[in-house]
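Let's take a walk through this one together, with the sequence and the 3D view open side by side.

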Amino acid sequence: FLTEEILTTVIDECRASGSWSKLIHLIGSVFNNPESLTKSFRKPPDPTPLSVSYDVTDSSVPQGSVSSASDDAVQESPNVPVNRNRDLDITVDLPSLRRAYQRLMDVPEEHIQGPLINALKILSQTVEMELKYRNMLEREPNYINIFVIIMEMPMLLSADYLDSAFPSICKVIGTLHVSAQARLARIWSTYSQDRLRDIVQSLQQIITIKVINNESRWSTTFRPSDDPAITGATRVLKILFYANILGGKRDSAELIAEEKRMNESESLQELMQGAFGHEPKDSTPPKEDPLAKELGVDMLNCRDPLIPYEDFVNEPLNDNLDIGVDYTNYRLESENKFSFVPYCFILTTASKHTSMYYDNRIRMLHERRTAFVQTLVHGGPPNPFLRVRVRRDHIVDDALVNLEMIAMENPSDLRKQLFVEFEDEQGLDEGGVSKEFFQLIVEELFNPDIGMFTYNEESHHYWFNSLSFENDAQFTLIGILLGLAIYNSCILDIHFPMVVYRKLMGKKGTFRDLYDVDPTLMASLQEMLDYQKDDFEEVFEQTFRIGYSDVFGQSRTYDLKENGESILVTQANKQEFVHLYADYLLNKSIEQQFRAFKRGFLMVTSESPLKQLFRPEEIEVLVCGSQIFDFHALEEATEYDGGFIADSPTIRNFWSVVHALPDEDKRKLLQFTTGTDRVPVGGLSKLKMIIARNGPDSDRLPTSHTCFNVLLLPEYATVDKLKDRLLKAINYSKGFGML
């Protein structure tokens with residue numbers, strides 16, 4: 001076996017003698033032998049073993065912490081608490097191991113690289129067989145040391161190791177039983193931020209190199225999910241992903257338990273019965289990740305992981321993935337073929353959105369088939385779509401009446417494909433009519449005159465009006481509209497604070513969420529928390545009774561605690577005051593309105609993989625679209641038809657005009673061409689716009705097929721004429737007709 005002292009001595013001897021054969025033999029004999037490696041780099045025996053147990057709610061260091069000499073593994077960032085439920089039975093002396101590897105890195109590479117790579121290949125094969133046939137992890141608990149020691153090797157990042165040795169180790173780690181993976185996750189969660197990031201980047205490097213090197217080989221028969229190096233590294237990344245959550249700042253156990261009770265009381269069945277008295281059919285519960293279940297972690301409960309969640313996304317992999325095929329593998333062949341859907345941390349928001357799009361389309365087709373079968377059995381006209389017929393001048397009333405009737409009679413119809421008709425207009429809804437419908441109804445519903453929402457001028461966000469005169473059904477139907485927009489891949493011009501999306505995922509609003517709702521109030525409360533002088537009570541003169549104004553400007557009060565007016569806020573209880581204040585504003589004051597809103601949202605999305613795939617930040621992107629407004633990316637992604645090509649004079653003139661337009665007119669162009677001025681998930685490069693030639697030079701204005709993102713452009717002779725006709729078209733267009 002190896003220790004830092006043994007390795008240092010051998011390296012010094014070899015350097016003095018000029019022969020490296022002894023070191024080569026030592027490396028080969030230890031690194032290809034699981035038993036030898038298990039015994040290597042052990043911590044010195046502790047005469048007074050420390051038994052450490054962490055309370056789930058406690059984020060402080062326990063009494064009698066591990067000595068710093070051997071505790072690089074549990075070194076923490078000053079802003080990240082010691083994580084809970086740690087597996088501190090690490091018998092590897094990590095600081096000593098890392099120093100030993102640094103000494104090994106000083107040895108000329110040509111002397112040790114070949115033997116070490118061969119040893120690792122043999123080791124991976126041996127370990128794989130022992131795990132499979134001898135159940136070594138149960139027979140020898142320290143067998144896990146092998147993976148800890150190997151993953152610490154700095155030389156794994158060099159090209160020769162990345163080619164075969166490192167992927168072979170990843171393959172073995174990826175096949176470990178879930179309990180062993182959980183133990184590795186607990187160990188890695190004790191690492192510092194920098195060390196965890198280094199390991200993640202090394203695995204990302206494997207995936208990126210394999211993807212780029214095989215770009216010419218990817219085909220219908222060989223995809224990234226068929227490459228064992230890519231799939232093995234992805235499986236190990238999953239362990240690190242949960243280690244990242246374990247090591248980060250997680251919500252307290254009390255908050256998680258409170259949210260669990262809240263969500264149980266708001267089960268879908270209870271919510272729908274409360275809304276319309278209709279009991280829904282049973283739905284299959286979403287699949288729970290076995291490793292997350294074993295560790296007892298949830299991504300939603302950790303807003304501050306050790307390293308950002310974005311570090312786990314691999315862009316080159318996403319660029320080469322066929323999401324349709326990958327989703328098919330997930331749905332139909334998950335036992336035999338690898339799919340990236342259960343490893344969604346590696347996918348971009350755009351890729352996950354595409355995956356959910358396929359899932360939603362399958363549900364729509366299922367509802368359509370069900371409708372036809374019911375027509376054959378029971379008679380009556382077929383009803384394969386969710387049809388909503390509205391008048392432009394009464395769009396809110398018509399839409400809410402339509403949707404309320406559907407929700408009362410058969411809520412499952414909400415999961416049919418949306419088909420919108422504007423009365424007295426000829427447009428057929430292939431997507432474009434729905435986009436305009438959502439835009440118009442959102443403008444109406446969020447009008448401050450209606451009084452359902454309040455608008456904060458400082459944060460530019462809307463919030464629920466706790467004193468609204470509208471009944472629960474109105475908020476329920478707004479939730480339905482939001483769910484329908486996501487379900488039908490329509491982007492809305494809605495400006496909710498992030499806490500709304502967190503609450504839709506089952507979380508509660510906390511003081512941290514207050515900034516997006518009322519920045520001024522949060523700044524005042526933060527000032528109170530930061531104030532440490534003895535004259536606190538004289539300076540703030542605040543009791544547990546708060547005051548606010550209703551929609552009519554009338555002053556109102558609320559006691560955060562019983563007899564709040566007589567309880568003064570002090571240095572001792574100011575934290576409680578801030579917590580209760582935030583809880584009242586974000587949860588209690590709008591409980592009735594938000595419960596109804598969430599009820600409508602879940603009617604549409606309850607069976608969707610929304611919660612499994614997306615973080616709240618990503619759901620906001622699904623609803624509101626991307627914030628990246630890059631028309632050069634749109635130009636690169638645009639296709640041409642009808643005789644136009646990218647170098648056509650009219651096309652060159654068109655883009656020169658477009659790039660010179662102010663942002664407001666660019667949004668109008670998007671609205672005119674696609675039916676919405678919002679940027680799709682993934683940016684404008686994901687918008688497949690087509691510019692088609694619509695005859696020779698004429699005085700006709702440009703026209704569009706918003707359902708298919710097609711702009712019909714006459715071949716205008718001059719750039720000035722093109723600009724004049726284009727601006728008239730985008731500024732004075734309204735309604736739909738048949739061309």
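Asp 697 is partly exposed, with a relative accessible area of 37%; on this scale buried means under 20%, exposed over 50%, and partly exposed in between, using a 1.4 Å probe and protein chains only. Before going on, a word on what you're looking at: this is a predicted model, where local features need pLDDT of at least 70, side-chain atom pairs count only at pLDDT 80 or more, and totals for chains, interfaces and linings use all residues. Residues are numbered from 1 along each chain as its sequence is written, and side-chain values use heavy atoms, with hydrogens and water left out.

Back to Asp 697. Its side chain meets that of Lys 721 in a salt bridge, 3.0 Å from N to O. The term covers a side-chain nitrogen of Lys or Arg within 4 Å of a carboxyl oxygen of Asp or Glu. Lys 721 sits in helix H32 (residues 719-731), while Asp 697 is in the loop between strand S8 (690-693) and strand S9 (703-705), so the pair ties together parts that are 24 residues apart in sequence. Helices (H or I, at least four residues) and strands (E, at least two) are DSSP runs, numbered from the N terminus. The pair also belongs to a network: salt bridges with shared partners join Asp 697, Asp 699, Lys 721, Asp 724, Arg 725 and Lys 728.

How many salt bridges are there by this rule? The count comes to 46. Another of them pairs Lys 507 with Glu 259, with the closest N and O atoms 2.7 Å apart. This one links distant parts of the chain: Lys 507 is in the loop between helix H21 (498-504) and helix H22 (514-517), Glu 259 is in helix H12 (residues 253-265), and they are 248 residues apart. Are the two partners buried or exposed? Lys 507 counts as buried at 3% relative accessibility, and Glu 259 counts as buried at 3% too.

Asp 198 and Arg 195 form a salt bridge at 3.9 Å, N to O. Both lie in helix H10 (residues 193-213), 3 residues apart, about one turn of the helix. An α-helix has 3.6 residues a turn, so residues three or four places apart point the same way. Asp 198 is partly exposed at 39%, whereas Arg 195 is buried at 16%. Leaving aside residues up to four places away in sequence, Ser 202 touches Leu 157, Leu 162 and Phe 166, where contact means heavy atoms within 4.5 Å.

Over in helix H2 (residues 21-31), the buried residues are Leu 23, Leu 26, Ile 27, Gly 28, Val 30 and Phe 31. They pack against several helices, including H1 (4-17), H4 (94-105) and H5 (109-133).

For some strand pairing, find S3 (residues 453-456) and S4 (residues 461-464), which run antiparallel and are joined by 4 bridges. Strands pair if DSSP finds at least two bridges between them. Thr 454 has Trp 463 in S4 as its bridge partner. The hairpin has 4 residues between the strands, and His 460 takes a positive phi near 60° there.

Last, the cysteines. The disulfide count is 0, a disulfide being a pair of cysteine sulfur atoms within 2.5 Å. Cys 302 is buried at 1% relative accessible area, and Cys 624 is buried at 6%.
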